[in-house]
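Hi everyone, thanks for making time this morning. I'd like to walk you through one structure, a piece at a time, so let me put it on the screen.

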Amino acid sequence: MPTNFTAGPVRVRVPATSANLGPGFDALGLALGLHDDVSAEIVPTGVRVTVTGQGAGELPDDDRHLVVRSMRAAFERLDARPTGLAVECVNRIPQARGLGSSSAAIVAGVLLARALVTDGERRLDDGAVLRLAAELEGHPDNVAPCLLGGFTVAWTEPTGARAVTREVAE
């Protein structure tokens with residue numbers, strides 16, 4: 001059965017994160033109040049990435065971009081083959097500064113791909129998004145708060161990444 005795609009651009013907002021909090025190495029993470037806004041749409045051919053803000057002029061503008069690589073991984077899980085992609089990134093999270101910019105790119109890519117497939121949310125639920133994002137990142141401590149928000153405790157089981165959120169004291 002062919003995959004149907006959403007017309008027009010889809011948008012996601014993903015937060016910066018801080019992980020390895022206190023004794024919670026590779027387990028505890030926190031979403032922060034700094035966000036990247038990323039949009040994508042299906043185009044007839046090719047891949048075009050536009051980056052403004054952090055990383056502009058430094059990050060790849062093609063298939064090598066982490067958002068696009070993450071989208072491709074999610075499309076593969078969804079058995080979807082878009083003709084081409086146009087991605088726009090408004091980056092506020094500093095690159096390579098310990099604030100989870102790669103986790104934000106990964107989560108954004110997976111969520112964008114899911115949103116571009118008309119029944120993507122049914123076929124790739126939040127648990128599957130977390131597992132895929134953690135596979136792409138290597139561990140779940142930054143991707144969990146990026147996806148779920150707030151304070152998270154994340155771990156990996158034989159079936160993949162899992163996480164729970166906890167209230168954050170004012």
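**Helix 2 and its surroundings**

Let's begin with helix 2, residues 101-116: its 16 residues reach 22 Å from the first C-alpha to the last, close to the 22 Å expected at 1.5 Å a residue. That expected span is 1.5 Å times one less than the number of residues. Helices here are DSSP runs of H or I with at least four residues, strands are runs of E with at least two, and both are numbered from the N terminus.

Before going on, a word on the source: this is a predicted model, where local features need pLDDT of at least 70 and side-chain atom pairs count only at pLDDT 80 or more, while totals for chains, interfaces and linings use all residues. Residues are numbered from 1 along each chain as its sequence is written, and side-chain values use heavy atoms, leaving out hydrogens and water.

Back to helix 2: 14 of its 16 residues are buried, so the rest of the structure largely encloses it. Buried means under 20% relative accessible area, exposed means over 50%, and partly exposed is in between, with a 1.4 Å probe and protein chains only.

Now, how many aromatic pairs does the structure hold? There is one. For the cut-offs, rings of Phe, Tyr and Trp (its six-membered ring) pair with centres within 6.5 Å; planes under 30 degrees apart are stacked, over 60 edge-to-face, and the rest tilted. This pair links distant parts of the chain, 70 residues apart: Phe5 is in the segment before strand 1 (10-19), and Phe75 is in helix 1 (residues 66-77). Phe5 is partly exposed at 26% relative accessibility, whereas Phe75 is buried at 1%.

Beyond its neighbours within four places in sequence, Ala80 contacts Thr3, Phe5, Phe75 and Val117, where contact means heavy atoms within 4.5 Å. Ala80 is buried, with a relative accessible area of 6%.

On to the strands. Strand 3 (residues 46-53) and strand 4 (residues 84-91) run parallel, joined by eight bridges; DSSP must find at least two bridges for strands to pair. Thr52 stands opposite Val90 in strand 4.

Last stop: Ser39, in strand 2 (residues 28-42). Ser39 is buried at 13% relative accessible area, and its contacts beyond four places in sequence include Ala86, Val87 and Leu112.
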